[in-house]
Amino acid sequence: MSRRHVIDRRLQMLADIRGIMDSIKTLAHMETQRLAPVLPVQQLCVQRVRQMAADFASEHALPALNGRAENPLLIVIGAERGLCGDFNKQMQEALEHLPATAAPRAIVCLGTRLGQKLEGRPGLLAQLSGATIADDVPAVIRQLLERCAALQSEQHLPSLALLY
């Protein structure tokens, strides 16, 4: 193949990549525009929940936990589309580098790409798809809660831990 053909193929490939990147940028912009009006309301809700939790804690003393809970059900959250750099790899490495005393015997993975990387890992009880757009979040949370509740009762896991 002549050098000219190689350069033409490379230019076409770069043009294709540019088109893909423009599409991703447009999708991100659309999501940002849809979520912008909701953000102040969400921040107010978070502030009020924190205030209620602080009020509750000030009136009702909670017993201190001594040490870590035994046998937690660990929820590992990864990026669904893989558009967050090496986030899934960081989660996989963080899971592998947990100290032996904190190593979970039960893991639920949220995110298809991270789930594929953790496939076959001892203790992996469930792999769930994550949200791809904001509208998916309530359904994903509902599915995660249902699966975790079922696993906690089946496996007698007294606590939850989160790795994200």
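Predicted model: local features only at pLDDT ≥ 70, side-chain atom pairs only at ≥ 80, totals over all residues.
In strand 4, I75 finds its bridge partner in L162. Residues are numbered from 1 along each chain as its sequence is written, and side-chain values use heavy atoms, with hydrogens and water left out.

Here is the overall inventory. The protein has five helices and four strands, where helices (H or I, at least four residues) and strands (E, at least two) are DSSP runs numbered from the N terminus. Read from the N terminus on, the elements follow the order α-α-β-α-β-α-β-α-β. Of the 164 residues in the protein, 21% are buried; buried means under 20% relative accessible area, exposed over 50%, and partly exposed in between, with a 1.4 Å probe and protein chains only.

The pairings can be followed one at a time. Strand 1 (residues 72–77) is joined to strand 4 by five bridges. Strand 1 also pairs with strand 2 in the parallel sense over five bridges, and there L73 has A106 as its bridge partner in strand 2. Strand 2 is then linked to strand 3 by four bridges, again running parallel, with I107 opposite L124 in strand 3.

How many of the residues of strand 2 are buried? Five of its five are, which leaves the strand mostly covered. A106, V108 and L110 point one way from strand 2, I107 and C109 point the other way, and all are buried. As a general rule, side chains in a regular strand alternate between the two faces of the sheet.

Now for the helices that cover the sheet.

Look along helix 3 and you will find N88, M91, Q92 and L95 buried. They lie on the same side of helix 3 because they cover an arc of only 100° around the axis, the arc being that of the directions from the helix axis to the C-beta atoms. The buried residues of helix 3 pack against strand 1, strand 2, helix 4 (112–118) and strand 4. The side chain of N88 reaches the backbone nitrogen of A79 at 2.7 Å. Leaving aside neighbours within four places in sequence, N88 is in contact (heavy atoms within 4.5 Å) with G78, A79, R113, L114 and K117.

The largest nonpolar core has 12 residues in all, including L73, I75, V108, L144 and L151. Such a core is a set of buried Ala, Val, Leu, Ile, Met, Phe, Trp, Tyr and Cys residues joined through side-chain atoms within 4.5 Å. Strand 1, strand 2, strand 3 and helix 5 each supply at least two residues of this core, and helix 5 gives the most, with four. A second, separate core of 10 residues includes L74, L95, C109 and L124.

Our last stop is the loop between helix 5 and strand 4, where H156 lies. Is H156 buried or exposed? H156 is exposed, with a relative accessible area of 64%. Leaving aside neighbours within four places in sequence, H156 is in contact with R105 and L151. H156 and L73 are 83 residues apart in sequence, with a C-alpha to C-alpha distance of 9.5 Å. For the protein as a whole, residues 24 or more positions apart account for 61% of the contacts with a separation of 6 or more.

How values were computed. Pairing = 2+ DSSP bridges. Polar contact = N/O pair within 3.5 Å; in protein donor to acceptor, adjacent residues only side chain to side chain.
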